Every structure is written in structure tokens, then in C-alpha cells.
Protein chains: 2
Amino acid sequence: MRDLALALLAAWLSLAAGVVSAADPLPSWNAGPAKQRIVDFVAAVTDPSGKHFVAPADRIAVFDNDGTLWSEQPMYFQLAFALDRVKALAPRHPEWKAKQPFKAALEGDMKTLAASGEHGLLEIVAATHAGLTTDEFAAVVKDWLATARHPRFGRRYTELTFAPMVELLGYLRANGFETWIVSGGGVEFLRAFAAEAYGIPPQQVVGSSLELKYELRGGRPVLVQQPKVAFIDDKAGKPVGIQKAIGKRPIAAFGNSDGDFEMLEWTTSAPDARLGLLVHHDDAAREYAYDRTSPFGKLARGLDEAATRGWVVVSMKDDWRAIHAPR
Amino acid sequence: MRDLALALLAAWLSLAAGVVSAADPLPSWNAGPAKQRIVDFVAAVTDPSGKHFVAPADRIAVFDNDGTLWSEQPMYFQLAFALDRVKALAPRHPEWKAKQPFKAALEGDMKTLAASGEHGLLEIVAATHAGLTTDEFAAVVKDWLATARHPRFGRRYTELTFAPMVELLGYLRANGFETWIVSGGGVEFLRAFAAEAYGIPPQQVVGSSLELKYELRGGRPVLVQQPKVAFIDDKAGKPVGIQKAIGKRPIAAFGNSDGDFEMLEWTTSAPDARLGLLVHHDDAAREYAYDRTSPFGKLARGLDEAATRGWVVVSMKDDWRAIHAPR
């Protein structure tokens with residue numbers, strides 16, 4: 001009887017092991033070349049006997065946020081936040097009624113607002129984010145995220161993260177990766193939700209930033225956001241932001257726009273196994289379809305050069321079983 | 001027999017547990033109030049049933065480097081590196097023979113060099129560090145650390161880390177802390193040795209920095225150090241550097257000079273259990289004795305206010321059994 005019990009136990013254990021190894025680590029991804037490239041890459045860098053093995057300490061993966069981890073249409077979510085802030089602060093700024101780009105923001109005149117360009121948008125961000133301490137700003141962002149709704153989906157913005165990408169973050173971490181956000185968005189805005197939405201702690205968020213000033217208020221120290229941009233973490237700024245914060249070159253980079261081009265180039269130009277991936281928004285039915293001409297998340301050079309550079313292009317329509325988390 | 005065996009096993013297990021809990025986690029520290037404060041603090045924040053419990057994710061400890069984790073006399077070690085670089089690069093810069101502060105550096109005229117002030121020293125750092133890619137710079141620093149010797153101790157600079165502090169770093173990490181360097185020194189200089197010397201990975205090093213530029217050299221991307229200071233991580237810059245990189249307030253801060261004052265103030269001004277600690281260099285026999293008048297590592301306000309603020313002042317002479325690692 002004892003031998004039989006042991007034999008049954010052994011059979012059950014090997015069966016259970018087989019089930020575990022056969023379990024799909026990325027169930028929100030349809031079978032296909034994109035998913036296969038991800039799984040093959042992870043298998044290669046985690047196989048201690050393989051020639052592409054990478055020690056856990058060097059398994060750094062970097063993710064753009066807008067359009068890569070969550071949606072970015074009809075405008076960057078942080079811009080929607082800033083426009084709501086303009087409205088909330090307008091009573092204290094009567095001069096905004098006659099002053100661009102604030103006038104356009106108050107009137108919902110998106111065309112004039114867009115025409116004000118990066119400079120106009122930065123002016124709005126500076127005016128609506130500055131003067132607050134880092135703690136105050138985090139509270140304001142959290143309040144907004146708890147109540148604001150996306151105009152098309154009617155859901156809270158943090159419900160519009162991409163289920164396949166959140167799954168991918170977890171899959172990489174389960175394989176010893178450190179997962180980082182490297183975003184053109186504001187670092188303090190991102191930190192207000194990154195831990196809950198993505199499992200990414202504040203110290204693994206790299207983003208654009210305003211200058212901070214250390215001062216005493218009522219005898220207690222605070223850090224106050226200044227109306228001056230300290231760093232723009234976009235395009236060629238992304239490898240710079242990566243080096244400043246992480247100090248080593250990532251082995252995997254995930255983006256969706258030409259703002260991510262240099263980050264993918266920097267990551268994949270090393271001779272060893274590297275993964276570069278672009279999310280292509282081609283699903284108008286479930287999300288949005290845009291690339292070369294979009295004011296937000298323009299993707300042109302990346303599409304042109306992805307094949308030559310060996311980057312994976314993910315079709316949201318074909319490769320993703322789900323887009324956002326189910327309701 | 002079976003019951004006796006179990007009883008013996010239980011007795012042995014409780015004995016072993018007793019030995020483990022009685023083992024001294026900080027053998028390089030002499031018994032005394034400083035050591036006791038550290039051990040009590042760690043016990044308080046790691047006790048899940050205590051009122052001062054801090055979740056592991058929030059156990060952030062920040063350490064100054066020069067004078068806190070390794071020696072800083074007769075000059076900051078990075079300054080010794082920069083002066084050696086001036087000599088190495090002098091053949092390519094004949095103009096330096098007639099131009100201050102380079103002339104003083106080449107002639108070993110420390111008085112004139114010191115008189116050139118922070119501006120002069122930054123000029124030397126910019127001239128000797130800029131133009132190199134981050135990879136090239138790391139290699140140059142590692143070469144220098146492998147060969148250069150301290151003028152008094154005759155040892156390599158990385159052998160002049162403080163054994164009690166390296167021990168403390170390990171003790172905190174064993175208790176779930178993330179240990180960070182927050183130094184006025186250059187971030188890329190620190191990263192070249194922090195992992196090996198302290199067990200601190202590049203992404204947990206905050207320091208002063210030069211601007212970086214992303215560019216292609218021979219078709220391959222590189223990050224090139226520019227002759228322009230991007231950030232000075234000293235004094236009120238330390239809380240700013242902490243927020244930029246970590247995004248949350250530390251619960252323990254370790255320093256040795258007035259350059260660390262705001263970092264300790266920021267860390268210890270929260271209402272919960274916090275630890276602020278200053279290393280006081282009072283051991284001329286084994287290391288150096290200096291504080292209020294030293295050009296490097298001046299400590300005056302910290303000494304004056306430590307008691308009021310509840311900060312621990314460590315006497316290297318009395319509290320440390322060893323200073324540097326044994327030969």
C-alpha cells in the first residue's frame with residue numbers, strides 16, 4: 001500500500017508540474033508571432049545554461065505609459081487632468097479668460113489649444129501643477145482619478161489600462177525582471193497611480209518633471225513644485241532619463257510612438273538578446289486606430305524601421321484578446 | 001523513544017532560535033546608546049504588532065557617501081580622481097599650464113585650488129569628466145580605483161569604506177530596507193564601485209550629475225557627458241534628489257556633515273518613528289578628527305541641533321570597534 005501511495009503521489013506531482021509548465025503565462029494575448037517573440041525572449045534570458053542568459057540584476061524592462069500601458073486618446077490623460085485643473089482654478093485667475101492658451105482650455109477650444117503647441121501645453125501644466133507641494137499634488141491627482149471619467153468609455157482613467165500589458169508586467173516580474181515606467185508624462189502624476197495600476201513602485205517611475213524647491217512651511221519641510229520644467233523625458237530624453245535613474249541599459253523596451261524610438265534604439269543596440277516592442281493602435285472598434293498623423297502618439301519612423309531593427313509590432317486588433325480590463 | 005526524540009528536537013530548536021536572536025547583528029559597533037538607538041529603531045519598524053510598524057515597501061534608508069560610508073580626507077576621493085585626470089590629460093591641454101585652477105592642480109598647489117572654491121572644482125570636474133560616454137567614464141573610474149592609493153593609508157580607496165557602516169547597510173537590508181546612496185558626489189563616479197563596495201545597485205544611487213547627450217557614434221548610440229552641471233545633490237538639493245529618484249520620504253537617514261542637514265531634517269520631520277544619524281569624525285588616531293572648520297565635511301549646525309532634533313551622533317572613536325575593513 002505504501003509503495004502504491006508513493007507511486008500515485010509521484011504521478012500526481014509530475015502531472016501537476018506538467019500542468020504548471022503548460023499554463024499560458026499571457027492569456028490575454030492571442031497566439032501569434034508577437035506573443036511568441038516575447039515568450040522566446042524571456043525563455044532565452046532566464047535559461048542559466050543558455051548563451052543569452054542575463055543575471056536577474058540586469059533584467060531591466062522599460063515601458064512607455066501613454067498609449068503603451070493605457071490609452072492616450074482623445075488626448076493624453078494628464079492633459080485632461082490639466083484642463084480640469086484650469087477650470088477648477090479659473091475663479092482664482094480671472095486673467096485666464098482673455099489669455100491663451102488658458103482661454104482655449106476654458107472654452108474647450110481644442111483646435112486653438114493644439115495650435116499652441118508643446119509650449120502652450122507646458123504653460124498649462126506649469127500653471128496648474130506649480131505651487132503645490134508634492135504631497136498636495138499627489139492628493140489632487142488621486143482625487144481626480146477617483147472621479148473623472150473618460151469621454152468615450154465612461155470609465156475611470158485607471159480602468160483604461162491595457163489588460164495584456166498589465167499581464168506582461170506581471171509575467172516579466174515573475175521572471176526576475178525589474179519593470180520601470182519611462183514616460184513623457186509627469187513623474188509625480190504617474191506615481192499617484194502606478195503602484196496600484198501596474199504594481200510599479202514610485203522609485204521605478206521615470207518621467208518629465210518640474211523643478212522642486214525645498215522649503216519650510218510653518219516650521220515643517222515641504223517640496224514645492226516650481227513653474228519651471230526640469231526635464232522632458234521624451235524622444236532622445238528617454239535614454240538620458242533611463243541612465244539618470246537606472247544607470248544601466250535595459251534589455252527590453254516597450255513603446256507605441258516615435259517618442260519611444262530612441263528608447264528602443266538604445267535598448268536594442270547592444271549585441272546580446274534584446275527585445276524592442278511597439279504597440280500599434282489599429283483597433284478602432286475596441287479602442288482607437290491611429291499612427292502616422294495622430295497629434296497624440298504619432299508613430300511613423302517606428303513603423304518604417306521596426307522590421308529592419310528587429311522590433312516586434314503588436315497589432316492590438318489581432319494580438320490582444322482583451323484591451324481594457326473587463327468591467 | 002519517539003517522544004524523547006521530539007522533546008530533544010524541540011529543546012534544540014528553541015536553543016538554536018535563542019542563539020540566533022542573541023547574535024549581535026552589528027559586531028563592529030561597541031555597545032552604547034548609538035548602537036542601541038539603531039537596533040531599537042529597526043525592532044520598532046519591523047514589529048508587525050507594534051504601533052511603529054512600517055511596511056517593507058516604505059523602509060527606505062538613505063546614506064551620504066563621503067565621510068559617511070568611506071573617508072573624505074585629506075580631500076574628497078573624487079577630487080583626487082579629478083586631479084589625477086588633470087595630470088593624465090595635461091599633454092592634450094598645454095593651455096592648462098597657465099590657466100587656473102588647472103595650473104594649481106598640476107602643481108599640487110592645494111591652497112590656490114581650495115581658493116578657487118566650488119566654482120573652480122566644478123570647472124575641473126567638468127573638464128576632466130566631460131566628452132566621455134557613460135561607459136568610457138565608468139571604465140576610467142574603475143581603472144583609477146584599481147590602482148590609485150590613499151596618501152596616508154597606502155590602500156586603495158575602495159578599501160577605505162567604513163566597516164561598521166557596510167555592516168549597517170547589510171543589517172538594514174536583512175530587515176527589509178532598501179538602502180540608497182544620496183551623495184554630493186557624481187552619480188556615475190559612485191556607480192562605478194557602489195555595487196561591489198556596498199551592495200548598492202546603480203538604480204539606488206542618487207548623486208550630482210552632468211548633462212547627458214544622446215547621440216550616434218559610428219551608427220551606435222551613446223550617452224555623452226556634457227561640460228555642464230545638471231544637478232547638485234547637496235544640502236537642500238538632497239531632499240530634492242530623493243524625491244526625484246525615490247518619490248517617497250525615507251524613514252532613516254545617515255550623514256556626517258552639514259551637507260546632510262536637510263536630508264536628515266526631511267527624513268525625521270514626519271510624525272512616525274524616524275532615525276537620523278550623524279557620524280562624527282573624532283578619531284585622529286585611526287582616521288581623522290574634524291568638524292566645524294574642515295574644508296571637506298564641515299559639521300557645525302548638525303552638532304548644534306542634533307540633540308534637539310533627536311538625531312544620533314556617532315563617535316567613531318567610542319562607538320566603532322573597527323574603522324576600515326581589516327587588511
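Arg155(B) is buried, at 8% relative accessible area; here buried means under 20%, exposed means over 50%, and partly exposed is what lies in between (1.4 Å probe, protein chains only). Its side chain meets that of Glu159(B) in a salt bridge, 3.9 Å from N to O. That label asks for a side-chain nitrogen of Lys or Arg within 4 Å of a carboxyl oxygen of Asp or Glu. Glu159(B) itself counts as partly exposed, at 26% relative accessibility. Elsewhere, salt bridges that share partners link Glu136(A), Lys213(A), Glu215(A) and Arg217(A) into one network.

A quick word on what you're looking at: this is a predicted model, where local features need pLDDT of at least 70 and side-chain atom pairs count only at pLDDT 80 or more, while totals for chains, interfaces and linings use all residues. Residues are numbered from 1 along each chain as its sequence is written, chains are lettered from A and ligands numbered from 1 in the order in which they are written, and side-chain values use heavy atoms, with hydrogens and water left out.

Back to the charged pairs. Over all chains, the count comes to 34 salt bridges. Here are three of them:

| Pair | N to O distance |
|---|---|
| Arg309(A) and Glu265(A) | 3.3 Å |
| Lys103(B) and Glu107(B) | 3.4 Å |
| Arg155(B) and Glu159(B) | 3.9 Å |

Take Arg309(A) and Glu265(A), which meet in a salt bridge. Arg309(A) sits in helix H12 (residues 301-309) of chain A and Glu265(A) in helix H11 (residues 261-268) of chain A, so the pair ties together parts that are 44 residues apart in sequence. Helices (H or I, at least four residues) and strands (E, at least two) are DSSP runs, numbered from the N terminus. Arg309(A) is partly exposed at 30% relative accessibility, whereas Glu265(A) is buried at 6%.

Lys103(B) and Glu107(B) are four residues apart in helix H4 (residues 102-107) of chain B, so about one helical turn separates them. Lys103(B) is partly exposed, at 27% relative accessibility.

Now for the sheet in chain B. It's an open one with seven strands, in the order E4-E3-E2-E1-E5-E6-E7, and the pairing is mixed. Two strands pair if DSSP finds at least two bridges between them. Strand E4 (220-231) and strand E7 (312-315) of chain B stand at the edges with a single partner strand each, so one side of each has no neighbour in the sheet. On average, neighbouring strands are turned by 30° against each other, direction ignored. Within this sheet, E1 (residues 60-63) and E5 (residues 252-255) of chain B run parallel and share three bridges. Val62(B) has Ala253(B) as its bridge partner in E5(B).

Chain A has 13 helices and seven strands. Of its 327 residues, 51% count as buried. Along the principal axes, the C-alpha trace of chain A spans about 85 × 50 × 40 Å. In the loop between strand E4 (220-231) and helix H10 (237-245) of chain A you'll find Ile232(A), which is partly exposed at 33% relative accessible area.

How do the two chains relate? A rotation of 180° with 0.0 Å of shift along its axis superposes chain A on chain B, with an RMSD of 0.0 Å. In chain A, the C-alpha nearest the axis belongs to Ala245(A), 3.2 Å from it.

Conventions
Axes fitted to C-alpha atoms, helices over the stretch in contact; angles between N-to-C directions. Least-squares fit on C-alpha atoms with pLDDT ≥ 70 in both.
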